[in-house]
Amino acid sequence: MPSTLFRGWWKIFAALIAAVFVLLSGASSASAHDQLISTTPANNSQLSTAPAKITLTFSAKLLDLGNEVVIADARGTNWSAGKSTLAGDTMTQAVKTALPKGQYEARWRVVSSDGHPISGSFRFAVGEAVSEGSLLPAVTQSAEPVETPSATSVAVPAAEDTQNNASWLNQPWLLWAGIGAAVGVLGYLIYIAVGNARKDTN
């Protein structure tokens, strides 16, 4: 029969296994933020006429908390008309009339269903193709909140990739190291248990 010492260590090992599973589930949920599925107009699309509105569809229902869309031209002018409207997983933003020909970027910020702000952008052009040499930044998406632009004008910064470097959940090798340590502890406990069992039988 297993020794009393082994039974006590087995509880410790079970606690380690439970902790590893908690870490794995936390890593899974951390990457479960809602995603932008589609936009109208589509990203990098060329339009013959200016759109009256733009529509963004997400992977889940959003929270109606500070959601915003800014339609910026290369000069930083905001062509959004009024506030955006939200209907479940779909957000709509009206566009000012007399939108001239040129390059545009729709910059959006919403609050995910898990309460985390996400933001991003997509580009389109009216009367011409989207130019690679445009002053507009490339399409980006971030899980970090962005600063609220002005109601009439918005500066368009250079594109920048953002990462949550402070989160250890972005380091999967730590999880595997924890699993390896748990397996090592199990092997050690088995070794001790076998040794104790042999002593008890002698």
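Buried means under 20% relative accessible area, exposed over 50%, and partly exposed in between, with a 1.4 Å probe and protein chains only. Local features need pLDDT of at least 70 and side-chain atom pairs count only at 80 or more, while totals for chains, interfaces and linings use all residues. Residues are numbered from 1 along each chain as its sequence is written, and side-chain values use heavy atoms, with hydrogens and water left out.

- Leaving aside neighbours within four places in sequence, Ile71 is in contact (heavy atoms within 4.5 Å) with residues including Ile54, Asn78, Tyr104, Ala106 and Phe124.

**Asn78**
- Asn78 lies in the loop between strand 4 and strand 5 (85–87), and Asn78 is buried, with a relative accessible area of 4%.
- The side chain of Asn78 reaches the backbone nitrogen of Ser80 at 3.0 Å.
- Although Asn78 and Ala106 are 28 residues apart along the chain, their C-alpha atoms are separated by 9.4 Å.

**Confidence**
- The mean pLDDT (the predictor's confidence in each residue, from 0 to 100) of the protein chain is 73, and 53% of its residues reach 70 or more.
- Over residues 141–171 the pLDDT is below 50, and this stretch has 59 contacts in the model beyond near neighbours in sequence.
- Where pLDDT is low, the predicted coordinates should not be read in detail.

How values were computed: Helix = DSSP H or I, 4+ residues; strand = E, 2+ residues; numbered from the N terminus. Polar contact = N/O pair within 3.5 Å; in protein donor to acceptor, adjacent residues only side chain to side chain.
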